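Please open the structure in a viewer and keep the selection tool at hand.

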Amino acid sequence: MLDHDIVVVGGGPAGMAAAAAAYDAGVKDVVILDREEENGGILRQCIHNGFGLHKLGRELTGPEYAAVYKQKIEERGIKTYNLTMVTDISADRVVTACRRDGIIKIRAKAVILAMGCRERSRGALNIPGTRPAGVYSAGTAQKLVNCEGYMVGKRVVILGSGDIGLIMARRMSLQGAKVEAVCEIMPYSGGLTRNIVQCLEDYNIPLYLSTTVAKIHGERRVEGVTVARVDENRKPIKKTERYIPCDTLLLSCGLIPENELTRTAGIPISPVTGGAIVDEHRQTEIAGIFACGNVLQVHDLVDYVSDEAEIAGAGAAEFVKNGSLAAANLQTLPGNGVRYVLPQRVSSEAKEDISLYLRVTQPFGRVCFTVKSGDEVLSTAVRLKAAPGEMEKLNIKSEKLKTAKEPITVSLEELK
Ligand SMILES: Cc1cc2nc3c(=O)[nH]c(=O)nc-3n(C[C@H](O)[C@H](O)[C@H](O)COP(=O)(O)OP(=O)(O)OC[C@H]3O[C@@H](n4cnc5c(N)ncnc54)[C@H](O)[C@@H]3O)c2cc1C
């Protein structure tokens, strides 16, 4: 049994930023455990640019963004156990991991969960048809093309218009493939507007909304797909079916936070975000266990991942130094037009201003967000547009929280 003050599970951008922030907040005995041979997480395969604009004020590729945080880890002498798969976390903060040389157990004063997320697979989507080669999740294709140097196909259909699907539509075109279509079951895209413009419009790739893949064809290899428009219950409409010949189908149909370890530790999970329920320090419902990054909520920008991880790192350090954190006595709730609000609990004694992160239920034009406690308005913010694919951030001044009553609600009103 080893002892460390803080154990970070996952060495992606969230884990690295959390570890560095915990160190900077005064707890020097921090270790990172990651199952891969090096830190960086998913960023290692994201060789396109667009990372770091908000956080670092410059546009980097994924590996470049990861390198900034790898350097922070190195400069601080934070030890990483790579090729180390965490298999269990107990509620009393004993972390069990599997390595080539055997099993290790680490007793921690605080644990930070930063395991990221995985992609929804064909099995989870239940797409009818045969089971030929040529059906990949977009992230797997991204890794094969960008890291391993394999081209996954020549004529491609992409199901799902989340950011990974959009980025892969551009990547496949740049590598010489023909992207026949991106089909999206919802009436709007789940991706960032900048990615729709830069990855589809700039390459003349058609985006078909309210459309799904109704059947996969081919015996050994994909030969084509049947696509169809969907009704208001998202069921394919038979008479709209059409066949698109292709040799590859890429699936970009949502990310699932990797919370198996979180569940075994008995940590309550939000059914909406798929991540743990947390307070403003990103402390879960079990004292001393924190969560950040995609394991907590699916992020569209890595910059926000780093912000969130720094909050979790500083919170874990405060917990180690003081043995507890102020009780988060105020619940936050989504109101009109808002799908979820995170953190789900905040403390009226918060020493610093708090940021609430949220997603809206559907695309809106110009909106005004209002954060309220009873009849008292805690903050408002106007946005020119709001979409489910773009996470919103609203600030509340700490002095406003002192007199706030439960629950704090966030709602939106559409403006003319
Ligand atoms: C396929 C894919 C492509 C993406 N592309 C983009 C993009 O182009 N642009 C963008 O802004 N965002 C992209 N994202 C979103 C991106 O994931 C986040 O911005 C960011 O990488 C999340 O950071 P994270 O540290 O939370 O998770 P990750 O980067 O996923 O890191 C999680 C780390 O935890 C480790 N881990 C997990 N479980 C265990 C365990 N049990 N034991 C040990 N280690 C473990 C993993 O090995 C990994 O290193 C993409 C996401 C995915 C899944």
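Select Arg282 to begin: it is buried, with a relative accessible area of 1%, where buried means under 20% relative accessible area, exposed over 50%, and partly exposed in between (1.4 Å probe, protein chains only). Arg282 sits in the loop between helix H7 (260-264) and strand E19 (289-291); helices (H or I, at least four residues) and strands (E, at least two) are DSSP runs, numbered from the N terminus. The phi of Arg282 is near 65 degrees, a positive value in a residue other than glycine.

The model is predicted: local features need pLDDT of at least 70, side-chain atom pairs count only at pLDDT 80 or more, and totals for chains, interfaces and linings use all residues. Residues are numbered from 1 along each chain as its sequence is written, and side-chain values use heavy atoms, with hydrogens and water left out.

Next, select Asn204, in the loop between helix H6 (193-200) and strand E13 (207-208). Asn204 also has a positive phi, near 55 degrees, but with 70% relative accessibility it counts as exposed. Most residues other than glycine have a negative phi, and most peptide bonds are trans.

The bond from Leu342 to Pro343 is cis, with omega near 5 degrees, and Pro343 belongs to the loop between strand E21 (338-342) and strand E22 (345-346). Glu406 and Pro407 are likewise joined by a cis peptide bond, with omega about -20 degrees; Pro407 is in the loop between helix H9 (398-402) and E27.

From there, move to strand E27 (residues 408-414), which pairs with E24 in the antiparallel sense over 7 bridges; two strands pair if DSSP finds at least two bridges between them. Select Cys368 to see one such link: its bridge partner in E27 is Glu413.

Now display the whole of strand E24 (residues 367-373): 6 of its 7 residues are buried, so this strand is largely enclosed by the rest of the structure. E24 also runs antiparallel to strand E25 (residues 376-383), joined to it by 7 bridges. Val371 has Ser379 as its bridge partner in E25. The two strands E24 and E25 form a hairpin with 2 residues between them, and Gly374 in the turn has a positive phi of about 60 degrees.

Select Ser161 next, in the loop between strand E11 (155-159) and helix H5 (163-174). Ser161 is buried, at a relative accessible area of 0%, and its side chain reaches the backbone nitrogen of Gly190 at 3.4 Å.

Finally, select the ligand. Which residues come nearest to the ligand? Of the 30 residues around it, these are Ala14, Asp34, Ile42, His48 and Asn294, a residue being near if one of its heavy atoms lies within 4 Å. Domain 1 (1-118 + 255-325) and domain 2 (121-253) both contribute to this shell, so the ligand lies between them; the domain bounds come from an automatic or database domain assignment.

Show the side chain of Arg35, where an N or O atom is 3.1 Å from an oxygen atom of the ligand. A polar backbone atom of Asp300 is 3.2 Å from a ligand oxygen atom. Taken alone the ligand exposes 970 Å², of which the protein buries 94% (accessible areas by the Shrake-Rupley method with a 1.4 Å probe).

Technical notes. A polar contact is a pair of N or O atoms within 3.5 Å; within protein, one must be able to donate a hydrogen and the other to accept it, and residues adjacent in sequence count only if both atoms are side-chain atoms.
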